[in-house]
Amino acid sequence: MRRWQKTLLIALALLLLLTASAYWYLQKTLAALPLQNLHYQISSLSLRQLHLSSVSFSLDNPELEIQLNDINLSWQLFDPRLTKVQLGSGDIRLLQWPQTADNNTPTTADSLPADWQLPANLPEQININQLVLHLPCSEGDCSYQLSAAVDNVAQQLQYQLSAADTNTPNTPRLTLSGDYTTVQQLPLLNLRLDLDNNTQLQLHQKLSGHNSIDVTGKLTIDIAPPSPWIIQQLQLWQAAVPPEALERFTAPVSVRSDWQFQLPGTSSLANIAAEASGHWQLDAELPSPLVLPGIGQLQGRVTAKLGLQHGELSQYQLNSHLTLLQPELSEDLLQQGIKADSVDITLTADGHTLPQLTALPLKLALSSKGATEVDITGDATFNLTPPFSAQIHNGKLGLLQQQLKPAPDVLLQKLALQTQFNAYWLADQWQLDLQNTTADFASLNTTDIQLLKGNITTKNSRFSGDTLFNNTTLQAAVGVNIGQLKQAQLKPLSWQWQAELSGNLRELSVAGQLTNSASLGVAHQLRYVNDTLTVSWQLDDIFLLAGNPLAATLTSWPALLELNRGRLDASGEASLLPAINTTAELSLSGVSGIYDRSLFKDLASTIQLEYENGQIRIHAPETRLAEINHGLIAGPLLLNADYRTNMDAISAGKLDIKQLQINAMGGQIQLQPTQLDLALAQQDVVLKLQQIALTNLLQQHPTTDLTGSGLISGTVPLRINRTGVTVNNGAIAAESPGGELQYRPAGAQNMAAGNAGMKVVLEALDDFHYSVLSSDVNYDTQGKLSLALKLQGSNPALENGRAINLNINLEEDLPALITSLQLSSKISDKIKQRVQQRIQQQSIKNTNGVKP
């Protein structure tokens, strides 16, 4: 009796120990799983069974909330493998569809699997009584009720899955059933799928053999016009079927395929393809349009046959004629104007030449109708043995696009594209060669630019790269011809661009030449390297004797400026990315022409332009002008100046004049070095006159009877404002020892008759030797020049040379004087014409009461 009690106590102790160990193992296993908010309730636990009344938890990736009820797990004693899994009910809710992970490492199976056996730990029986699956859809939540039964006995698997809509739980909508087993460690699979008694799929696949493997299989698919429930589901999943598509889908779709091959027993896929024998055939009929959600409505027929004998083709035939009606394109493409009513796809191969698997030929043709008309033909060749490859040769592409909007503010009209191409694809690289590509368009309109009658051509262009487009390279010769370019700053002209492009997406170079019908040409070199974009440019030399292409190109060219002789050239560099900075240099040599009513000759200068961070600097270190004629002839002129401003106020910068001097009338006129702030309402500068020859000065007046000699110097303060130029209290004087004046008017006797004072003045000025000649100078915005002359000297022939002091006030209409000089001089006819036009315009203003 005591021995029996001891045995019972030991057994109970072992049972408790095993139960505690199982519970501890269960806790440890659950804790190691990537679960959150885990809650469970154990109803019972024995040596062979665990019953959980409920289990709930959540996952982060994918975002799931799971609630399971009435779970039974069974196993054999001392065998951890589950024999039976039963689920009474459950609820699985997917909160958000997981994002597709980017996998940049392509994987390719190198051989057939070595083991086709079912997993050793797969339970013998799995039963799911009722499991509700909630999925996010357009209505917010779509729910389905699932039930399943799986039996696994001696590596023979039988399975059955049923799914129903929770709104009609007693009506199965989807059933999946079949079996899987291995015979001599090779698989045998039978599968049947039925979707709402509308779509049926049956698959039979068997592998058998010893030293070699026999592969036999059969696939059938039958699709009838969609049932009301399927149409409802398509609407829930935002794949609604248009009513006209339902009207067209009147006949069922059928797909039949069977195959039988003999493969070597153990070998790589490459050797399998090289030694395989057998045949495969496919027959698919779509007599009426079949709606493919997200693609369109497909109609047509496909027949294919393939036969192999020890890796060599014994039969090869393909005839595929398909039409895609109402193809569904992305919203972005539709907004750009790309739309087709139908797409015809034809693939044919007759196999008369018995090609190899390494070079399987195929003729392809694709055409579309609608707003976008595409026509593609070509001869394709496929290599169906690893490594797989494909190529298209003798390809031709034609495109007619009525309207294309590649960007919201860009509209391209009547685009016609023609090209010939060859394409190559390998597992890790691709290449596209374009030959004789031409593209014509009627117009291209943007916010600021309009291009009319454009033509683009490329020759021998090549694009290549890897399958992930990480190392795409290109090489192309491009020609662009624009019949007319319209832009606010440009006159309507034709333009041409020729360029060579080479490089890749990280390092690209462009060398081109831009010209227009006004003979303006600019060579340029563009470089893109590591997110930086720079461009260098060189203006073709302009010889002004043959014409001025700048004036014929730019609308902003000053209308009163004409250049008719000399040479211009310019060059520069600019950084466009990551920020805009630029430098440029303009050289002028021997430039002559007309500005308004002034004639200038032999202008030479080098002007430097810099732009950086919104700041502009224009530097003219040495500008020389041989002669300027504005009625008064002066020259040469020398200028050294610097101008700085910013883009927000280009005309309100600071002008630093370091040197400005001009030789005139035997002397020199200088502007004292000064800095002008053009943002101010007025500026004050001082002109310095040095040794102006009185003889030359008096000769400028067209009707003067006064001659003289001597040198005059002085200062003239100028005030410059928006209403004009004024002079206040300028002072000029003759240099020592003075000079001579002779005033001998033709009517001197009449002037002196009856006026003793005038007689004395005329006698004194007949040969006046002066020691002092000075004058105050004033000038107002109305053009009136006022001189207050002071003369001290004598006439040796008058009263023994008695000293004479004269004070004379003179007023002169300076603009009228200059106009008179211009009309009487030998200045150009163009300037005389402009002077006469100015006189006529002023006369009209005076008649209307407008003050000059």
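**Backbone, surface and pocket**

Modeller: Pro636 is part of strand E33, which covers residues 633–646; strands (E, at least two residues) and helices (H or I, at least four) are DSSP runs numbered from the N terminus. The model is predicted, so local features need pLDDT of at least 70 and side-chain atom pairs count only at pLDDT 80 or more, while totals for chains, interfaces and linings use all residues. Residues are numbered from 1 along each chain as its sequence is written, and side-chain values use heavy atoms, with hydrogens and water left out.

The bond that leads from Gly635 into Pro636 is cis, with omega near 0°. A cis peptide bond also links Ser736 to Pro737, where omega is about 10°. Pro737 sits in the loop between strand E40 (724–734) and strand E41 (739–743).

Strand E40 also holds Asn729, whose phi is positive, near 60°, although Asn729 is not glycine. Lys453, in strand E22 (residues 449–465), has a positive phi near 55° and is likewise a residue other than glycine. Most residues other than glycine have a negative phi, and most peptide bonds are trans. Lys453 counts as exposed because its relative accessible area is 67%, and Asn729 because its value is 64%; exposed means over 50%, buried under 20% and partly exposed in between (1.4 Å probe, protein chains only).

On the surface, Leu329, Leu333 and Leu334 make up a nonpolar patch with about 200 Å² of accessible area together. Such areas come from the Shrake-Rupley method with a 1.4 Å probe, for residues with only the protein chains shown as cover. Leu333 belongs to helix H5 (residues 331–335) and is partly exposed, with a relative accessible area of 30%.

The second largest pocket holds about 1,800 Å³ of space. A pocket here is an open set of points, on a 1 Å grid over the protein atoms alone, where a 1.4 Å probe fits, with protein on both sides within 12 Å along at least five of seven lines; lining residues have an atom within 4 Å of a point. This pocket is lined by 48 residues, and Leu550, Trp557, Leu586, Leu588 and Ile607 lie nearest its centre. Strand E30 (residues 581–595) supplies the largest share of the lining, seven residues. By type, the lining divides into 39 nonpolar, seven polar and two charged residues.

Note on methods. Patch = residues over 30% accessible without salt bridge, like charges linked within 9 Å, V, L, I, M, F, W, Y side chains within 5 Å. Salt bridge = Lys/Arg side-chain N within 4 Å of Asp/Glu carboxyl O. Points joined across faces, edges and corners; volume = space filled by probe spheres on them. Nonpolar A, V, L, I, M, F, W, Y, C, P; charged D, E, K, R; others polar.
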